[in-house]
Amino acid sequence: MAIVAAERRLLGIGRNRAEQEFEKMYRRYAEEVFRYALLVLRSRPDAEDVTQATFVRAYRALRKGERVRKPHNWLIAIAHNVPRQSHRLGAN
């Protein structure tokens, strides 16, 4: 029986290490990143945006080979900087 590409991804076959690491990180820390962003921003939609942007940046960094020793601290630092960087971009 042949396994098609979509099924391979669902089964975790053929995924690279960065994708596996990212998925574990997302499952474990997404709620904490969201709660942090909500506490700081006091806006659910903004906290959702920051959470999404945080994990997009984390994924890109992992794909580039970045090694993370303390994922929780790293993700919170990214979440802390996302609104600052967005504000800086919007000011131009």
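Student: What should I know before I start?

Tutor: Residues are numbered from 1 along each chain as its sequence is written, and side-chain values use heavy atoms, leaving out hydrogens and water. In this predicted model, local features need pLDDT of at least 70 and side-chain atom pairs count only at pLDDT 80 or more, while totals for chains, interfaces and linings use all residues.

Student: How many helices and strands are in the protein?

Tutor: Helices (H or I, at least four residues) and strands (E, at least two) are DSSP runs, numbered from the N terminus. Here there are four helices and zero strands, giving the pattern α-α-α-α along the sequence.

Student: Which residues have the most contacts inside the largest nonpolar core?

Tutor: In soluble globular proteins, nonpolar side chains tend to be buried together. A nonpolar core is a set of buried (under 20% relative accessible area, 1.4 Å probe, protein chains only) Ala, Val, Leu, Ile, Met, Phe, Trp, Tyr and Cys residues joined through side-chain atoms within 4.5 Å. The largest one here has 21 residues, and Met25, Val33, Phe55, Leu62, Trp74 and Leu75 have the most contacts inside it. The elements giving two or more residues to this core are α2 (17–41), α3 (44–63) and α4 (71–91), and the largest share, eight residues, comes from α2.

Student: What is Leu75 in contact with, leaving aside its neighbours within four places in sequence?

Tutor: Contact means heavy atoms within 4.5 Å. With those neighbours within four places set aside, Leu75 is in contact with Met25, Tyr29, Val33, Thr54, Phe55 and Ala58.

Definitions and conventions. Buried < 20%, exposed > 50% of the residue type's maximum accessible area, 1.4 Å probe, protein only.
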